[in-house]
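Try each one before you read its solution.

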Amino acid sequence: MVAGAPPVTPEHVLQHRAPAPGYLCPLSANTYDVEFVEFEIRDYETGASVFKVSRPPGAPPVPKHIDPALEDQVRQVRYAFPEEFLRAQGIRTALKFKVGDEPVPDFRMIERHYFQGELLRSFDFNFGFCIPNSTNTWEAVYPMPENSPARIKALVASPYAHVSDSFYFSGQQLIMHNKAQYRYVPTGP
Amino acid sequence: MGLLSIIKKVKQKEKEMRLLMVGLDNAGKTTIVKRINGEDITTISPTLGFNIKTMQFNGYRLNIWDVGGQKTLRSYWRNYYEQTDALLWVVDSADTRRLEDCRQELHSLLKEEKLAGASLLIFANKQDIAGALGTLDIEKALDLQAMGSRHWRIVGCSAVTGAGLLDGFEWVVADIRSRIFLLD
């Protein structure tokens, strides 16, 4: 984050048309100790789990300060999905997270997806208030955008060119920013 | 794709409904939302916060907030009233010992100004359990006739077998639609 830069607000990131340069807040911005415990993505039709990650119980919390050279290891996820995933009718995502000793007002996620200079998708979800020391879940079923054969071909041919920024706010305050990169693994002959 | 998908999103937003599901602990709230969302219900533990389900139902996008019902959590319910289209109150119909507690919590909730316009669906859950009270008895025990002009309905259900759940959700979505989406 550039010193003296204007604060990053939800309105600001909803205007983004390209991946953010670096991370727009430090890890220490997470003053509410929001911690992601589990995340799973399933194909809605088949129920097949496409991705699942969970933090082992008792794992140490994410450090508040880290060598910038190592930051991507903590703040960026690389996904590999089977190519068929791009033809799925819908997806089901399940997120489980904990919050610390303080209540979190107006918790909100904004996620922006880009591919080759284009905004692919934008998600904007308001969790609202989070109870102190609570464990919460959000399970969402999304219809998938229809991907043309040309788009599917391009996504498969360009591993990690599909990227996303996930921003988490409490009110107007950016408390977390993570990134993800996606590749699609061809399965057919 | 850009502009079109944005227009689509705005339209979709208008078709969103916010449902708040509350009730005493162990009433079966989480089992109901998991069952309606087609999830596994074999292992469910007390909700120590909220479970939100975002799903399509009869052409609408439902956001259902299932908030924990333990006594220590009830004071936080007020944080979820804003913009609620419908209140889903879940009752353990077999827990006759706590029906008075249940009645008091419901009626104090209904006094909340922010919930004044919300439809009220009462799920008389656990109808599959022997000794569970029927909907007429629950209606009396919860003093539902004192509801005034609010749109409300009581539906007997079993989150375990799934009986009654669709009836309840269909009524509540239709009732919100009739109040809010008049221009459809």
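This is a predicted model: local features need pLDDT of at least 70, side-chain atom pairs count only at pLDDT 80 or more; totals for chains, interfaces and linings use all residues.

**Exercise 1.** Work out how many residues of chain B are in contact with chain A, and how much area is buried between the two chains.

*Solution.* Start with the head count: 22 residues of chain B touch 25 residues of chain A, taking contact as heavy atoms within 4.5 Å. Next comes the area, which is about 1900 Å² buried between chain B and chain A. Carbon and sulfur atoms give 52% of that area.

**Exercise 2.** Find which elements of chain B each supply at least two residues to the side that touches chain A, and sort that side by residue class.

*Solution.* First look for polar links: 13 residue pairs are in polar contact across the interface of chain B and chain A, with both residues at pLDDT 80 or more. Then go through the elements of chain B: helix H1 (2-14), strand S2 (50-57) and strand S3 (60-67) each bring at least two residues to the side facing chain A. S2(B) gives the most, with five residues. Now sort by class, and you get nine nonpolar, eight polar and five charged residues on that side of chain B. Finally, check for salt bridges between chain B and chain A: the rule finds zero.

**Exercise 3.** Trace how strand S7 of chain A is joined to S2(B): is the pairing parallel or antiparallel?

*Solution.* Pick out S7(A), residues 135-143, and follow it alongside S2(B). The two strands run parallel, and four bridges join them. For a landmark, go to Ala140(A), which sits opposite Thr54(B). As background, strands of a sheet pair through backbone hydrogen bonds.

**Exercise 4.** Write down the strand order of the open five-stranded sheet in chain A, then name its edge strands.

*Solution.* Reading across, the order is S3-S9-S8-S5-S6, with mixed pairing. S3 (76-82) and S6 (118-130) of chain A are the edges, since each pairs on one side only. From one strand to the next, the twist averages 20°.

Now take the pairs in turn. S3(A) and S9(A) are parallel over seven bridges, and Tyr79(A) has Tyr182(A) as its bridge partner. S8(A) (residues 162-170) and S9(A) (residues 173-185) are antiparallel over nine bridges. There, Tyr168(A) partners Met176(A), and Phe167(A) stands opposite His177(A). Two residues lie between the strands of this hairpin, where Gly171(A) takes a positive phi near 60°.

Terms used: Residues are numbered from 1 along each chain as its sequence is written. Chains are lettered from A and ligands numbered from 1 in the order in which they are written. Side-chain values use heavy atoms; hydrogens and water are left out. Buried area is the accessible area (1.4 Å probe) that two parts lose on being put together, summed over both. A salt bridge is a side-chain nitrogen of Lys or Arg within 4 Å of a carboxyl oxygen of Asp or Glu. A polar contact is a pair of N or O atoms within 3.5 Å; within protein, one must be able to donate a hydrogen and the other to accept it, and residues adjacent in sequence count only if both atoms are side-chain atoms. Ala, Val, Leu, Ile, Met, Phe, Trp, Tyr, Cys and Pro count as nonpolar, Asp, Glu, Lys and Arg as charged, and the others, Gly among them, as polar. Two strands pair if DSSP finds at least two bridges between them. Axes are lines fitted to C-alpha atoms, for helices over the stretch in contact, and angles run from 0 to 180 degrees between N-to-C directions.
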